[in-house]
Amino acid sequence: MSAGARPKHMKSQADTPDKYPWFIRLYGILSVVGGGVQIVASVLAALLIVALLQDGFDLSQLEVKGHASITTIAIAAVLAIVSFALAVMFFVLGIRLLKNKRNKAATLCNSMIILGAIDLLCRFMLVGMKAHIITSLVSLFILFALEVYSDPSLREERQQKRRDQKLADKEAKEEGTLGRDTTGKGYISLNFFNVFWVFVICSVLGLILETIWHMTVVELGVYQNRAGLLYGPFSPIYGFGAVLMTAALNRYYKSNPLVVFLVAGLIGSAFEYFVSWFLETAFGIVAWDYTGTFLNINGRTNFMFFCIWGTLGLVWVRYMLHAMLKLVNLIPWNWRYSVTTVATALMLIDGGLTLAAFDCWYEREAGTMDYKDCSAIVAFCNKNYDNEFMESRFQSMTMNTDHSSRA
């Protein structure tokens, strides 16, 4: 054996990952206990339901509103499955944290974040913005922070990567290639900076186009506020649609225009259908209705808007991405991350307040608002975003609480 060699079973101190600090190990213990309790509770609940069905219990006796009953039960079933899966994952995550399995813990956190988002969405559609929604948001934040912290790469390596990235950004800015995909697989690099500004810019452009469409096609000369958030000139459906199209078509920006058109049309129409379904299911809100139009699907999308989405996607991917890069690269390279962080925080606050305002609007319309015993955010929304304000701000939306899936 040479002087510098060592047996394979022996590891140097550098090869051994640092142990988790005590508070993360404590979180691991809580995850094992909480996940185990939730697993047992879920199994007992399932056994109880089976026993009730065997005794002849009729599910139709459940008091669920009108035609939304099937949807409500379906969402509740998805929530039960996702919650059970999360409980199992929390149990496993706790064990991995206690055993210091960083790589496996980080991988598991990624899956749990996705399931946690689905769990949050289902809960919101069933009961609205209650206290447990805040708990779910905190849990998602903890999982995200834990995933970042558990990344197997060394801290020094991450810091060096950040320093190298700043230097590369400066050089790319000087060369005029900042934001481009250097691998050649796509037109732009799909990093958070680019994706966020795609969302913001297209949210504004989409609102402008929709306003013009309404004034020239739907009601000639009549202006209607088509904004989708409480503050700012934003229509987030176009922002999210552009992000999905950019992610899907970025590497195909030189492909056959017909292929780009068809894929963009499918993505836009599917997303439009989902947003319409979510708004009506969660809040009883109808923002558009294409019933009676050519090849419409439940009035949520139709052939004409399939073509419009396809055209917008084609123009965006083939001709406007480069203009977007030039625009966002006007931000000084050494300010880009600070500006983006602040803008992201403002957009998250705007989006969160909008959902809270929708929820309060629903509660007032449904007659279930508790004005005396309510949280600070609900009191704030009732004071500043009453029914008159909501109807004026969201002029294209109508609400029918009987159409929601609230249990």
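Predicted model: local features only at pLDDT ≥ 70, side-chain atom pairs only at ≥ 80, totals over all residues.
1. The protein chain contains 12 helices and 2 strands, and from the N terminus the order is α-α-α-α-α-α-α-α-β-α-α-α-α-β. Of its 407 residues, 39% count as buried, and among contacts with a separation of 6 or more, 76% are between residues 24 or more positions apart. The accessible surface comes to about 23600 Å², with 66% of it belonging to carbon and sulfur atoms.

2. A search of the whole structure finds 3 salt bridges. One of them joins the side chains of Arg 123 and Asp 119, at 2.7 Å from N to O; these residues are 4 apart in helix H3 (residues 102–127) and are therefore separated by about one helical turn. Arg 123 is partly exposed, at 25% relative accessible area, whereas Asp 119 counts as buried at 5%.

3. Arg 226 forms a salt bridge with Glu 210, with the closest N and O atoms 2.8 Å apart. This pair links distant parts of the chain, since Arg 226 sits in the loop between helices H6 and H7 and Glu 210 in helix H6, 16 residues apart. Arg 226 is buried at 16% relative accessibility, and Glu 210 is buried at 17%.

4. Arg 300 pairs with Glu 280 in a salt bridge, the closest N and O atoms being 3.0 Å apart. Arg 300 lies in the loop between strand E1 and helix H9 and Glu 280 in helix H8, so the pair ties together parts 20 residues apart in sequence. Arg 300 counts as buried at 13% relative accessibility, as does Glu 280 at 15%.

5. On the surface, Glu 365, Asp 386, Glu 388 and Glu 391 gather in a patch of negative charge. Glu 365 belongs to helix H10 (residues 336–366) and is partly exposed, with a relative accessible area of 37%.

Conventions: Residues numbered from 1 in each chain as written. Heavy atoms only, no water. Buried < 20%, exposed > 50% of the residue type's maximum accessible area, 1.4 Å probe, protein only. Contact = heavy atoms within 4.5 Å. Areas by Shrake-Rupley, 256 points an atom, 1.4 Å probe, with all protein chains shown as cover. Patch = residues over 30% accessible without salt bridge, like charges linked within 9 Å, V, L, I, M, F, W, Y side chains within 5 Å. Salt bridge = Lys/Arg side-chain N within 4 Å of Asp/Glu carboxyl O. Lys, Arg positive; Asp, Glu negative; His and termini not counted. Charge placed at Lys NZ, Arg CZ, Asp CG, Glu CD.
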